[in-house]
Amino acid sequence: MRRNLPFAAVLTAIAFLAAGCAASQTVPDAAEAVADPEAWRATPPTPGEPPELVTPKFERFALPNGLQVLVSERHELPIVSVGVALRAGTAADPDGKEGLAQLTYQLLLEGAGKRDAVALDDAFADLGTSANVSVTQDGALVGTQVLTRNLDEAMSLLADIVQRPRLERASFELRKEQQLANLAAQVGNPRYLAGEAFAAAAFGEHHPYGRLGTGTPASVARLQVADAKRFYEGAAGPKAAALVFAGDITTERARELAQAWFGGWKGKAVAPKAPKAPEVAARAGVVVVPKQGLSQTVIMMGRPAIAVGDPDEYNLTLASMVFGGTFGSRLNMNLREDKGYTYGASSYVDSRLGVGPIVASSAVRADVTGASIAEFMKEMQDLESRPISPAELEAAREGRIRSLPGSFESVGGLSYAAASLFWYDLPLDRFERLVEGYEAATPETVQAAARRFFDPSLMQIVLVGDPEVISEQVGTMGLGPLVERALDAAPAKKGKGKAAR
Amino acid sequence: MRSLVFAALLAATPSLALADLAPAPAPAPAAVPAAAALPAPAEADDHLSIPFTKYRLDNGLEVILSEDHRLPIVSVNIWYHVGAFNEQQGRTGFAHLFEHMMFQGSRNVEDDAHISMLQYLGATGLNGTTNFDRTNYFQTVPSHHLETALWLESDRMGFLLDTLTPEKLAKQQEVVKNERRERTDSAPYGLANEKSWQTLFPAPHPYYGSVIGSMEDLDAATLDDVRSFFETWYAPSNATLAVVGDFDPETIRGTIEKYFGTLPSRPKPEARSVAPMELASTVELRVDEKVATLPKLRISWLTPSVYQPGDAEADVLAIALSGGKSSRLYKRLVREKKLAQSVSAWQQSLGAQSVFVVDAVARPGVSTDRLLAEVDVVLDEVRARGISAREVRQARNKLETGTVAGLQSVGGFGGKADQLQSYNHFLGEPGKIEWDLDRYEAVTSADVQEFARSVLDPSRRVILHATPATAAGPKAAPPPAGKKPAAGPTTAPAPAGKGGR
């Protein structure tokens with residue numbers, strides 16, 4: 001997508017920027033302004049001719065065994081990011097075995113081919129790098145980043161990790177212990193506690209998005225090495241994976257390397273289906289995770305909202321930008337800069353393969369917990385009574401579109417974007433479509449999305465903090481009964497509340 | 001602390017930012033690998049350099065220009081050569097509080113407009129950060145908005161005080177106190193880490209305040225403090241402007257002259273000098289941890305300052321100790337003995353004096369005293385025999401390629417602009433990247449051994465035991481014989497430092 005923004009849009013955006021210039025209101029009289037040799041500064045600079053918008057570019061092809069290969073070329077520095085993206089993420093955890101996907105993917109780095117964990121790490125370190133695993137709800141990425149001249153060796157290690165992981169019992173037990181200890185540590189992390197409780201509140205404990213990928217102490221405790229082997233067999237194979245390259249590599253070279261190292265990969269794994277959309281229910285109560293003596297309360301609010309590719313995705317993203325997606329958003333300006341309740345308040349749209357949530361959150365001073373929640377609710381209601389203005393929309397739109405080139409400076413970011421295209425079944429021109437979607441949005445369509453998704457009565461509320469303070473501050477606000485969530489959440493019970501997969 | 005690429009690698013937390021401004025709203029659990037930049041080795045014969053020119057305006061402002069036309073974006077990055085190091089007694093946290101005031105508008109820029117304007121024109125890598133030694137402000141903008149960024153920066157450099165009000169100061173005092181609540185008081189190990197730091201640098205050492213400062217001192221700040229801090233430290237002669245990226249080399253000097261050339265000159269403030277701290281003996285702190293749930297051991301030593309002899313050895317040793325699964329501390333404490341949940345070691349490189357830190361978080365039921373004994377076994381081994389040539393080579397490769405990865409960004413945290421600025425600030429010369437990497441080329445196993453022996457002296461260090469009350473389980477072992485625990489919990493014994501006046 002090469003065309004520039006409509007001229008009118010740019011003008012409106014500039015007008016909005018100029019409104020941020022104080023001098024137009026404060027310069028007392030023209031004569032004085034002329035006398036001041038610095039008076040010219042009152043007018044913000046006029047931007048130059050916009051440069052061509054550079055969006056990430058991808059090539060895609062498939063090997064005879066079905067493995068997709070995505071390539072994004074960037075040749076200025078001798079560095080390449082390479083990885084294998086897999087379609088099974090934490091949403092593929094069987095009910096009652098939460099934590100299995102993360103544990104299994106971590107296990108890949110505990111030994112593969114002829115190397116044990118230490119030898120594997122040493123081999124990467126010799127290349128000046130290490131292997132990296134990241135797991136999301138809808139997929140995983142196993143990869144590394146190396147200088148171009150080390151790419152062959154890195155490919156050989158990566159091929160071992162993905163195709164010939166050892167998945168040994170002793171390593172499994174080690175990772176399992178570490179994951180359990182990590183859960184014990186996370187109980188001390190207010191942000192983690194909020195995220196865990198929020199997933200359950202918004203999606204229900206048994207929904208694939210209703211839990212974090214870490215699992216619970218009870219669910220992890222019952223995992224066996226056979227579970228990991230079964231999971232990996234179902235997750236890894238050329239028909240459920242993509243090889244992603246970004247950086248100093250040509251598509252031709254990528255084809256050679258892919259065929260050489262992954263051409264013989266076999267496996268019957270198929271990509272899991274998207275989780276079913278959860279029912280969106282009115283808020284029944286406020287979830288409280290008690291953590292005594294905290295000087296702040298973590299507030300997290302939200303609801304299931306939208307899947308990647310939903311026609312309303314662009315509208316909702318822009319609405320959320322205005323609501324809480326930038327520093328100058330309504331929510332942050334209110335809670336941080338006007339009220340001084342917090343270091344920051346923000347919202348984001350987490351669209352996923354299935355319907356993902358919108359989330360608004362902040363850590364606020366404990367003694368203004370109630371007042372802060374009231375402001376959250378008021379800002380949501382205000383989206384109705386104080387509709388998103390054309391100027392707000394233009395600013396959000398311009399910000400989203402024009403930040404694209406700067407958001408993809410690194411090859412790591414590009415390979416992650418390539419993996420996302422694969423996880424979410426997106427077309428190669430995803431970023432061009434994003435730009436078109438943002439450009440097509442109008443105040444009416446964005447307002448409609450805000451109305452559709454920001455109804456305060458459908459917002460689940462999770463609070464982490466001192467239970468006495470919360471009870472005193474929030475108990476009488478009429479938001480529903482306070483429901484305490486135990487720190488060591490009970491494991492999901494089998495057979496109850498069908499998993500919506 | 002060459003760049004945040006390393007900082008991330010080494011788990012250091014060197015500075016406080018104005019706000020949590022994510023480049024794009026990213027869902028929490030999906031770590032974008034770009035952030036966890038994986039290092040790769042540089043070609044041994046590949047001479048890295050960042051082309052630049054440096055000059056000075058008549059009013060003393062230093063300018064560094066570096067062209068890079070890979071993407072249509074340009075970074076505007078200003079370092080003011082003032083940090084927490086320059087704070088007065090009773091005003092801990094002031095340099096950082098002042099940084100917040102820099103976003104509150106100036107003569108021609110409305111309150112709070114700065115970040116909003118930039119976000120709405122597509123800026124990325126946008127923030128202000130304060131650390132012990134300097135304060136920086138940066139934004140990467142689409143190249144046609146370069147002048148807007150220069151206009152914004154010049155207005156606050158020249159005319160910040162015009163619109164200063166008591167209300168603005170009061171509001172930012174609240175915001176910063178909230179930041180302290182979020183990042184220190186309510187963060188796992190936040191208060192315990194602060195106590196350990198303050199034992200290394202007891203008052204009145206200017207590092208004592210740990211950048212964020214105390215609630216009392218933040219409350220005590222006055223408008224006069226803001227005015228005199230600005231007059232003294234924010235003089236053009238005490239600042240360096242770097243413009244890195246896609247700018248027009250024909251017009252850039254004229255444009256910079258237009259916005260910054262007429263800002264009144266003020267004398268460059270005298271550099272402060274503080275006698276180095278020394279620990280006469282080991283200080284052991286036992287702190288009752290209120291937020292985290294697992295015990296943590298932290299060992300800290302005073303070490304040579306950034307870029308001084310010993311600094312490179314410290315970086316190499318840190319990687320050998322905790323750089324991956326094959327590293328010494330990880331192998332022994334996490335894999336073999338299963339005593340620690342995580343380990344990390346890093347050199348926090350600072351202008352006046354650096355600190356080398358070893359952190360180990362215990363598995364449930366393991367005491368910090370047990371961890372201490374095990375860390376000492378590993379360190380004694382290094383003191384007795386050094387590290388292997390392979391470990392030196394691996395660390396060197398990782399550090400070199402961390403640098404290559406850092407060159408992918410023109411600005412943001414730790415990109416090219418910060419890299420040039422860092423060399424310029426500490427060494428008086430931006431073009432030191434090759435020299436910097438050569439330092440690591442020169443490090444030998446014997447150097448690392450000597451560093452471990454003479455600098456990481458077991459009898460001159462601060463040992464922090466942060467123990468949650470809930471973690472005192474039956475498996476918690478008593479301290480080994482001969483190690484006398486310090487007085488009581490939360491008691492910071494009088495540190496045996498001298499100097500710091």
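A residue counts as buried here if 20 or more other C-beta atoms lie within 10 Å of its own. Keep that cut-off in mind for the first stop, and remember that you're looking at a predicted model.

**Stop 1: Ser347(A).** Select Ser347(A), and you land in strand β11 of chain A, which covers residues 342-349. Its C-beta atom has 28 others within 10 Å, so Ser347(A) is buried. Who are the neighbours that Ser347(A) touches? Leaving out residues up to four places away in sequence, show Ser320(A), Phe323(A), Gly324(A), Gly325(A), Leu331(A), Ile358(A), Val359(A) and Ala360(A).

**Stop 2: where the chains meet.** Bring up both chains and look at the contacts: 89 residues of chain A meet 88 residues of chain B. Then colour helix α7 of chain A, residues 169-186; with seven residues, this helix supplies the largest share of chain A's side. By residue type, that side of chain A splits into 39 nonpolar, 33 polar and 17 charged.

**Stop 3: a sheet in chain B.** Hop over to chain B and pick out an open sheet of seven strands, with mixed pairing. Reading across, the order goes β1-β5-β6-β4-β7-β3-β2. The edges are β1 (16-17) and β2 (53-56) of chain B, each pairing on one side only. Next, zoom in on β5 (residues 124-130) and β6 (residues 135-142) of chain B: the two run antiparallel and are joined by five bridges. To see one of these strands' bridge partners, select Asn127(B) and look across to Phe138(B) in β6(B).

Notes. Residues numbered from 1 in each chain as written. Chains lettered and ligands numbered in written order. Predicted model: local features only at pLDDT ≥ 70, side-chain atom pairs only at ≥ 80, totals over all residues. Contact = placed C-beta atoms within 7 Å. Helix = DSSP H or I, 4+ residues; strand = E, 2+ residues; numbered from the N terminus. Nonpolar A, V, L, I, M, F, W, Y, C, P; charged D, E, K, R; others polar. Buried ≥ 20, exposed ≤ 12 C-beta atoms within 10 Å, placed from the backbone. Pairing = 2+ DSSP bridges.
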